[in-house]
Amino acid sequence: MAAKPRFHNDAVAAPDTGPAPGPSSADRKHPVDETLPPLKMFTSGLQHVAAMYAGVVAPPMIVGPAVGLTAKETAFLMGASLFTAGIATLLQTLGFWRIGARLPFVNGVSFAGVTPMVAIGKDRGHDGIAVIFGAIIVASLLGFLLAPYFCKLVRFFPPVVTGTVITLIGVSLLPVAFNWSQGGNAKAADYGSTTNITMAAVTLVIVLALRKLLRGFLQQISILLGLVIGTLIAIPVGITDFGALGDADPIGFPTPFHFGAPQFEIAAIVSMSIVMLVCMTESTADMLALGKIVDRPADERTIEGGLRADTLGSAISPLFNGFMCSAFAQNIGLVAMTKVRSRFVVAAGGGILIVLGLVPVAASVIALVPLPVLGGAGIVLFGSVAASGIQTLAAAALEKGENALIVAASVGVGLIPIAAPEFYHAFPEDLLVVLDSGISTGCVVAIVLNLAFNHLGRKPDPEVPEQDGDRPVAAPAGAR
């Protein structure tokens, strides 16, 4: 069967119905593989960096003080995390051999590892960091070897599963935006103040207004423009902190093994291997989500390449004093909202992250964006991910069989860590790595229930795979 063009503008670009459109549509690059003008590439990439910056630096901000590092050493960890996030993002977007999803896929420090890393290194100083890095290296190499087998699970991710997981990704991220909107630090005196929440609301309105009023390229960078305008408004309000600019070094390379050679402890390796499985599960779900959004469905080979990039990036990361890397779901929302699908835009963002890691003073400029401003924009970004999940569920034949029950149970279980954060407080620490992630628990429940109801004990409805797959997308695309 001939390959069908998967992007909607083909019908407009090739009005002739003769033989000519065949070669031209075959020669035309998919939007994922298009390169954009340099200015547009840079600003769109910078927008991705702005969306993910707080998420990248937050884990080292938590882990550093917990293991007993000084403020300067923690700042070094933050710069290293930006640098290694850039390397991992380039591995994903550009790739080589069979490494990289080659999608607009952003990688950064995984939050899933924060709790076990704190437990491993608490109050152990440089030795604690060395043990964490050793565990990450071993867990990442094991994940790299497992990737060709793990990717075969893709057939257990039909739209009823992927739609549920995508929705949970968006819903799980919204509390992050709400926390940023309140100020980001629950111990701060102004946390949840009317000033912070008002700034978040103002930024939200600005982003929505820019999306409505602007056209073309300016509309695509409306998030970035909203962050700039929100930050400028925040200056006279008094919530923009310029202290980071004065404290930052002009240049700083993340010296390899700055905290000493990695150390290997069995308990730490087991703990971080569990985290790696969680990250691989979330990355698989994120790749499936992104594939639908950019109209290039992620197959087994794409997922295998993406997981290899995840795990290779994580294995390299400790060399430069960074932590385990995985997909950043908030950037999927940015792709969905801006409709800029080029992987080279995200590669440009990866290049910017590397520069920020090498030039701390440049990183501090991005850090000027107050968290309430970032939170206002985050509500739109993360809500866009949830909306994409709902859109996928609309094509998942919820009226057939027990699909609606699968969604109901999976979303319900996935929302537990969000709605009741202390729900699993009596469970062992190692289990909390999985249970505290609504995305992971919801994903596992959706896969198991889909197997139980749609695969085991009876023949699945022959129509379900078709309508759960490409039919709703492919037919309208050719017709428009």
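Asn 403 counts as buried, because its relative accessibility is 2% and buried means under 20% relative accessible area, with exposed set at over 50% and partly exposed in between (1.4 Å probe, protein chains only). The residue is found in helix α18 (residues 403-414), where helices (H or I, at least four residues) and strands (E, at least two) are DSSP runs, numbered from the N terminus. This is a predicted model, in which local features need pLDDT of at least 70 and side-chain atom pairs count only at pLDDT 80 or more, while totals for chains, interfaces and linings use all residues. Residues are numbered from 1 along each chain as its sequence is written, and side-chain values use heavy atoms, with hydrogens and water left out.

**The protein as a whole**

- The secondary structure comes to 23 helices and two strands, and buried residues make up 52% of the 480 residues in the protein.
- Among contacts (heavy atoms within 4.5 Å) with a separation of 6 or more, 83% are accounted for by residues 24 or more positions apart.

- Not counting residues up to four places away in sequence, Asn 403 touches Val 160, Ala 396, Ala 397, Leu 398 and Asn 454.
- The C-alpha atoms of Asn 403 and Phe 453 are separated by 8.1 Å, although the two residues are 50 residues apart along the chain.
- Helix α18 packs with helix α21 (residues 438-454) at an angle of about 155°, with their axes 8 Å apart; axes are lines fitted to C-alpha atoms, for helices over the stretch in contact, and angles run from 0 to 180 degrees between N-to-C directions.
- The two helices α18 and α21 are therefore roughly antiparallel to each other, since angles over 145 degrees count as roughly antiparallel, under 35 as roughly parallel, 65 to 115 as roughly perpendicular and the rest as oblique.
- The residues that meet include Asn 403, Leu 405 and Ile 406 in α18 and Val 445, Phe 453 and Asn 454 in α21.
- By class, the contact of α18 with α21 has eight nonpolar, eight polar and no charged residues, where Ala, Val, Leu, Ile, Met, Phe, Trp, Tyr, Cys and Pro count as nonpolar, Asp, Glu, Lys and Arg as charged, and the others, Gly among them, as polar.

- The residues of the contact of α7 with α17 divide into 20 nonpolar, 13 polar and no charged.
- Helix α6 (residues 125-150) and helix α13 (residues 300-316) pack at an angle of about 170°, with their axes 8 Å apart, and are therefore roughly antiparallel to each other.
- The contact of α6 with α13 has 10 nonpolar, four polar and two charged residues.

**Leu 204 in helix α8**

- Leu 204 lies in helix α8 (residues 194-213) and is partly exposed, with a relative accessible area of 22%.
- Leaving aside neighbours within four places in sequence, Leu 204 is in contact with Gly 376, Ile 379 and Val 380; Leu 204 and Gly 376 are 172 residues apart in sequence and 4.6 Å apart in space, C-alpha to C-alpha.

**Helix α10**

- The end C-alpha atoms of helix α10 (residues 222-237) are 22 Å apart, which agrees with the 22 Å that its 16 residues should span at 1.5 Å a residue, the expected span being 1.5 Å times one less than the number of residues.
- Gly 238, whose phi is positive, near 95°, follows α10.
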